[in-house]
Number of protein chains: 4
Amino acid sequence: MEVSQGASQLKNAAQLQLYGESFASRFLIGSALYPSPAIMRDAVKASAASLVTLSLRRQDPANRLGQNFWQEIQSLGCQLLPNTAGCKSAEEAINLAEMSREIFNTAWIKLEVIGDDYNLQPDPFELLKAASELIKRGFKVLPYSTDDLILCLRLRDAGCEAIMPWGSPIGTGLGLMNDYALRTLRERLPDTPLIIDAGLGAPSDAAQAMELGFDGVLLNTAVAKALDPVVMASAFKLAIESGRLAYQAGLILPRQNASPSTSPIGQPFWQHK
Amino acid sequence: MEVSQGASQLKNAAQLQLYGESFASRFLIGSALYPSPAIMRDAVKASAASLVTLSLRRQDPANRLGQNFWQEIQSLGCQLLPNTAGCKSAEEAINLAEMSREIFNTAWIKLEVIGDDYNLQPDPFELLKAASELIKRGFKVLPYSTDDLILCLRLRDAGCEAIMPWGSPIGTGLGLMNDYALRTLRERLPDTPLIIDAGLGAPSDAAQAMELGFDGVLLNTAVAKALDPVVMASAFKLAIESGRLAYQAGLILPRQNASPSTSPIGQPFWQHK
Amino acid sequence: MEVSQGASQLKNAAQLQLYGESFASRFLIGSALYPSPAIMRDAVKASAASLVTLSLRRQDPANRLGQNFWQEIQSLGCQLLPNTAGCKSAEEAINLAEMSREIFNTAWIKLEVIGDDYNLQPDPFELLKAASELIKRGFKVLPYSTDDLILCLRLRDAGCEAIMPWGSPIGTGLGLMNDYALRTLRERLPDTPLIIDAGLGAPSDAAQAMELGFDGVLLNTAVAKALDPVVMASAFKLAIESGRLAYQAGLILPRQNASPSTSPIGQPFWQHK
Amino acid sequence: MEVSQGASQLKNAAQLQLYGESFASRFLIGSALYPSPAIMRDAVKASAASLVTLSLRRQDPANRLGQNFWQEIQSLGCQLLPNTAGCKSAEEAINLAEMSREIFNTAWIKLEVIGDDYNLQPDPFELLKAASELIKRGFKVLPYSTDDLILCLRLRDAGCEAIMPWGSPIGTGLGLMNDYALRTLRERLPDTPLIIDAGLGAPSDAAQAMELGFDGVLLNTAVAKALDPVVMASAFKLAIESGRLAYQAGLILPRQNASPSTSPIGQPFWQHK
């Protein structure tokens, strides 16, 4: 009885909804920094990710080699998610998004507008400007955002049907830097898919994000720079599934006082009667 | 290549070694506090745990109903691990262990000697005394311990081939209360299987313990008191596997400064040539 | 010798520089929420704060009773810092700032533009707009800001000669919610006075902020809602002085391994020779 | 009215009671690791500590130079607290305590029995043995302990009229490593003076310990190894006073939701009527 309920929850748990499309996995993965293309392919495969991000290099718009990569990704059953990594203004990001749409033949865009070379954080002002414009132009925008509630509310109001707040700065592996802000986002944006993007270091970070009710996780460095990226991709896959199940199964609340798991008096239920 | 390496690691990852025996799962689960026997069975099944703890009630040594439960547990392919929950002195624990050995026909014992009704922590003095004596009497002792390094070293020297330090007090769900102490234990007892026992609240806690290199996790409340214990058992199962894989795959080290996952200059490797 | 050096540092430590003015104390205190006006006066006195914030209620621009309060504050040797608490748009805040300037006869303004009724956080967009305009109109603006680096950089570029990032949401007492973000701010804005405003609960929070190198602390609830606000004001005063001294005295760096304070071999230095 | 209450509390706050004696300061300081004897003297003076710990080196029992140091310490109005740093067994510690009593002419002893060279933690078994014996021999024992509740209860039952749990391992500067354990100790030993000994790095750590209700703080490395030990001693002095006042003044409780310090409707109390 409970098992079948569990099984059906498990099924629903796998369905991430973004801009009206369903994705079998809640894991979004990056394609950079791997030791080799072969390891990247194997890691993406092991991750079972539905979406794989890729950056079209600005200096090389005519280069079609990216398409080989794209085809490879697609042969793994993944959908490509071009990103605007490295862009520092709304204008630059919009231009790169347009080129990516043309070359990769997709309206999906992971929108990055970096505001600072030091912490690589999103620029809230330029990000909102770019997101608003790209939504108007028909893009399916997944903005890489800070955990600022006001910024996320404005992105939603501008038409973003999903938002990707950071866990911590890109590549740091610091995990969920501001638990309070993330809980607030989740509580205040209950109907917007929220995906933690950047900063996760360990599968336990990913599980924690999912336990908080986030809809998915996007990461790159923690897998690509692991000693064994392929096994680490499996580890994150399991952690994301685990965290989602736990969110649905209803976690116990932490309490300050110990409580015996074995009743100090009497007998366990199965000895009753 | 990496995938098959990953697969073989995955296989080894499942083998927990305790007192010369191999266990397919690194998850040890408690059998108390479930809403019903049926849910308990389903949760144990979903957990795929190898060892299931059970308390023989002292006031009812002649009661054989416990054996029904035992047979049920065994029919799930699990091994029974009697415990001495509720004992407050070495003498009491030793007596209960002897009765458990006779009734359940097993030399395995999860040794609990509680020192305080408030935080239900192990009494280091009585625990060491009981463990030493039970080892001499041929028991396979898994002591529920604090995270005190000296205590754990003494338990090892007394012949315990595995030790189970707490994460935090029983039933609190506070997770890993003292990260520093746990890391120290792992570092100083590299050859002794260490299993985190008590205090975990969420699968991310279990994943974190495994990422630190612990050999297994024992818990009860976090599953039994979840809204849906069966699904939560699955969630912990995945988290424990995930954390073990991550430990083996080599986690990235946290760093203070952001680092772009997409190189700011030039092209990704797959566009080279 | 060292003592007198300490004493001179202590003297410098007390000098907070804001818009070219020197303040003897690094403690800024709020004037709301106290059990009574008398307790408020005594707490402000015990705090030895240089600046006391006060809100001119918008619905009561003609009310001159505020001036009585102002005179009382001044009789304690404090400077008044009007604030725009409760304003939700740049326009509203600018209007209230203008009224405050006229009524209180001061160009100083603590600029609050709240973006959300739930977490009472600053609205980064409206805040920047209001700050830019008020700077142009000759105000000495102390903006209540988030810990977002980009926002703080823009406020500085707009002419703010000091910025007041939050520790955590107003009235929560959660302390420094995002240590990483605050350290980044301090590192990236070395020449801008930064004052932690809001969210502190205990003197240890204030000491921590000062140890990180922040220039001052502004708070209200943690004093006004303490069981004994007057004693708590003294406690915060000492903590802020302590944290400033510690910052100047050069804290030891945390280390993972223990290190004996007493050398294991030989004799202490005073027994040598 | 409130001010005088504050003042009287302030007076009581300074009175630490140990073995029936009153001490004007709640700061206990170590005498090792300073750059020079002169800086040590100045730092001890700046700390205003009542008790100063000192190790009699075992290999030099006849050396009377320690007495010069002792006289110097006394000339600062401090009481000497000999310690047994470096001892690894009850026997060794008892012997050194006896020698210290004879040479320094004091029954006070800071009892250290180190169980491990790596984390320099107390050995709970040897510590309890040594404390019990020294109490019988008429010593005023201040045991350096872990934060283990059972150990602390046994030390109390053995006659220790004060206990000194660690914050974290000696010299690490990690602060309060296990907040939960320390809160439990304070709650369960309400009538035993508890002094945090070891591991503190910053004045905010000391303030936090005092805010939790601990009766005093003993430290050495964080002052002696600071860039300016004398100023750092002042900083810790203020922090300890601050934390004690805050404990007495009644801290606000942290809350999850923001709460305006300025009422959103109506007028502040001083404008009423």
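**Figure 1. Surroundings of Thr221(A) in the predicted model.** Beyond residues up to four places away in sequence, Thr221(A) touches Leu33(A), Gly171(A) and Ala226(A), together with Ile252(B) and Ser261(B). The structure shown is a predicted model. Thr221(A) belongs to helix H9 of chain A, which spans residues 221-224. With a relative accessible area of 14%, this residue falls under the 20% limit and is therefore buried.

**Figure 2. The annotated binding site of chain A.** An unreviewed UniProt entry assigns the feature "binding site" to Gly171(A), Ala198(A), Gly199(A), Asn220(A) and Thr221(A). These positions are spread over 51 residues of sequence, yet they cluster in space, with a largest C-alpha distance of 9.1 Å. Ala198(A), one of the annotated residues, occupies the loop that connects strand S9 (195-197) to helix H8 (203-211) of chain A. Its relative accessibility is 9%, so Ala198(A) counts as buried. When neighbours within four places in sequence are left aside, the contacts of Ala198(A) are Tyr144(A), Trp166(A), Gly167(A), Ser168(A), Ile170(A) and Leu218(A).

Figure 3. Over all chains, the whole structure contains 14 aromatic pairs. In one of them, the ring centres of Phe125(A) and Phe125(C) are 5.3 Å apart and the ring planes meet at 75 degrees, an angle over 60 degrees, so the arrangement is edge-to-face. Phe125(A) is part of helix H5 (residues 124-136) of chain A and Phe125(C) is part of helix H5 (residues 124-136) of chain C; the pair therefore joins two chains. Phe125(A) and Phe125(C) are both buried.

Figure 4. The rings of Tyr19(B) and Trp108(B) form an edge-to-face pair, because their planes stand at 85 degrees, with the centres 5.6 Å apart. This pair links distant parts of the chain, 89 residues apart: Tyr19(B) lies in the loop between strand S1 (16-18) and strand S2 (21-23) of chain B, and Trp108(B) lies in strand S6 (residues 108-111) of chain B. Tyr19(B) is buried at a relative accessible area of 13%, and Trp108(B) is buried at 3%. In chain A, ring pairs connect Tyr19(A), Phe23(A) and Trp108(A) into a cluster.

**Figure 5. Strand S6 of chain B and its partner S7.** In a regular strand, side chains alternate between the two faces of the sheet. S6(B) is covered on both faces, with Trp108(B) and Lys110(B) buried on one side and Ile109(B) and Leu111(B) buried on the other. Four bridges pair S6(B) with strand S7 (residues 140-145) of chain B in the parallel sense. Within these strands, Trp108(B) is placed opposite Lys140(B) of S7(B).

**Figure 6. Charged groups over aromatic rings in chains B and C.** In chain B, the charged end of Arg186(B) sits over the ring of Phe214(B), at 5.9 Å from the ring centre. In chain C, the ring of Tyr144(C) has the charged end of Lys110(C) over it, 5.6 Å from its centre.

**Figure 7. Chain A as the setting for the views of its residues.** Chain A comprises ten helices and ten strands. Of its 273 residues, 64% are buried. Among contacts in chain A with a separation of 6 or more, 66% are between residues 24 or more positions apart. The accessible surface of chain A amounts to about 9,500 Å², and carbon and sulfur atoms account for 51% of that area.

Technical notes
Residues numbered from 1 in each chain as written. Chains lettered and ligands numbered in written order. Predicted model: local features only at pLDDT ≥ 70, side-chain atom pairs only at ≥ 80, totals over all residues. Heavy atoms only, no water. UniProt positions renumbered as here; feature names shortened; annotations may be inferred. Buried < 20%, exposed > 50% of the residue type's maximum accessible area, 1.4 Å probe, protein only. Contact = heavy atoms within 4.5 Å. Phe/Tyr/Trp six-rings, centres within 6.5 Å; stacked < 30°, edge-to-face > 60°. Lys NZ or Arg CZ within 6 Å of the ring centre and 35° of its normal. Areas by Shrake-Rupley, 256 points an atom, 1.4 Å probe, with all protein chains shown as cover. Pairing = 2+ DSSP bridges.
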